[in-house]
Amino acid sequence: MENKESFIQRYKSTLKSMDTEETIDLMFYRPIGYAWAVLCAKLGITPNAITIASIFIGVAAGIMFYFDNMAYNVAGMFLLIWANSFDSADGQLARMTKQYSRLGRILDGVSGDLWFITIYLAICLRVSHTSEFFSAHTWVIWAIAVAAGICHAKQAAMADYYRQFHLYFLKGEEGSELDSVAAIDVKYNSLSWKKDFMGKLVCFFYRNYTANQEALTPAMQSLRHTIKEEFGNEIPQRFRDDFRAKSKPLMKYTNWLSFNMRTIALFCSLFACMPWLYFGFELTVLNILLVYMMLRHEKICRGFIKEIKDGTYKN
């Protein structure tokens with residue numbers, strides 16, 4: 001019994017939090033990811049190495065979706081699932097071995113982007129050859145794909161940002177990867193283009209990524225500023241608990257905007273032999289979820305700003 005309890009505790013320590021985990025992940029990807037993480041820890045494989053491996057597997061999956069052949073498509077589905085199990089494993093291994101890094105966080109985001117860029121290209125090339133309409137109007141599918149890709153990037157970025165903000169109040173700075181442009185600027189300005197070209201380049205793109213997240217969340221940024229001004233680094237536990245209670249119901253939307261909901265829609269469109277339907281799903285359903293989530297979260301933040309200024313959380 002003790003061994004079982006010890007195993008469960010070790011496994012739970014590799015999760016971000018029960019607040020932010022999705023049901024499919026808890027039932028499928030996290031247990032598989034934990035097994036990969038344990039194996040990699042024994043072999044001395046780093047989280048970043050797993051992330052890089054997931055890039056190659058995910059790109060291979062995307063290539064399989066180019067073919068108008070269900071056997072190839074199903075093979076691609078299994079490869080994509082495999083890639084995502086590695087994506088789960090890299091984070092679990094990082095938490096298990098305390099190998100956190102900003103580079104690892106950036107690589108993790110880039111890996112998913114490269115998977116879906118390949119998938120988008122494969123779908124566009126496929127329907128350009130197999131659909132009578134898109135063969136005659138090739139520009140249409142490419143325009144739709146570009147629009148869907150832009151929306152995808154916004155959806156994934158904001159889902160991750162809200163999740164990290166929730167974790168910040170749940171677990172503190174150590175349990176969250178919440179960043180800020182101000183903090184990144186300190187790192188960016190300390191690097192030299194001549195001596196640290198790659199590091200500065202990565203920091204440049206990551207800064208722009210974070211700046212975009214901050215630009216889309218004005219009330220959240222005002223709340224962060226108000227908290228710093230009123231509490232400094234000693235945020236009252238009561239505030240943390242209250243924020244968590246209001247933010248937790250929104251975590252399901254951050255999960256719906258992430259990998260699992262997308263792949264279900266993608267696989268359904270492939271089984272229906274109409275892969276272009278996936279773009280429609282991103283442009284409609286996921287965008288509606290994104291806007292709703294953003295509006296709700298901004299309203300919550302404005303409410304807490306008012307309460308803080310009214311003295312609700314003063315001792």
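The side chain of tyrosine 66 makes a polar contact with the side chain of histidine 129, at 3.5 Å (a pair of N or O atoms within 3.5 Å; within protein, one able to donate a hydrogen and the other to accept it, with residues adjacent in sequence counting only if both atoms are side-chain atoms). This is a predicted model, so to speak of local features takes pLDDT of at least 70 and side-chain atom pairs count only at pLDDT 80 or more, while totals for chains, interfaces and linings use all residues. Residues are numbered from 1 along each chain as its sequence is written, and side-chain values use heavy atoms, with hydrogens and water left out.

Tyrosine 66 sits in the loop between helix H3 (47-64) and helix H4 (70-97); helices here are DSSP runs of H or I, at least four residues, numbered from the N terminus. With 31% relative accessibility, tyrosine 66 counts as partly exposed (buried is under 20% relative accessible area, exposed over 50%, partly exposed in between, with a 1.4 Å probe and protein chains only). Leaving out residues up to four places away in sequence, tyrosine 66 touches Ala122, Leu125, Arg126 and His129, contact being heavy atoms within 4.5 Å. Alanine 122 is 56 residues away from tyrosine 66 in sequence, yet their C-alpha atoms are 4.4 Å apart.

Now for the helix pairs. The axes of H10 (residues 218-231) and H14 (residues 277-309) come within 8 Å and cross at roughly 25°; axes are lines fitted to C-alpha atoms over the stretch in contact, with angles from 0 to 180 degrees between N-to-C directions. That makes H10 roughly parallel to H14, a label for angles under 35 degrees. The residues of this contact divide into 10 nonpolar, three polar and four charged. On the H10 side they include Leu223, Thr226 and Ile227, and on the H14 side Ile305, Ile308 and Lys309.

Threonine 226 belongs to helix H10 and, at 5% relative accessibility, counts as buried. A polar atom of the threonine 226 side chain lies 2.8 Å from the backbone oxygen of serine 222. Beyond its neighbours within four places in sequence, threonine 226 is in contact with Ile305, Ile308 and Lys309.

H10 also meets H7 (residues 138-171): their axes come within 13 Å and cross at roughly 20°, which makes H7 roughly parallel to H10. Tyr161, Tyr162, Phe165 and Phe169 in H7 meet H10 residues including Met220, Leu223 and Ile227.

Terms used
Helix = DSSP H or I, 4+ residues; strand = E, 2+ residues; numbered from the N terminus. Parallel < 35°, antiparallel > 145°, perpendicular 65-115°, else oblique. Nonpolar A, V, L, I, M, F, W, Y, C, P; charged D, E, K, R; others polar.
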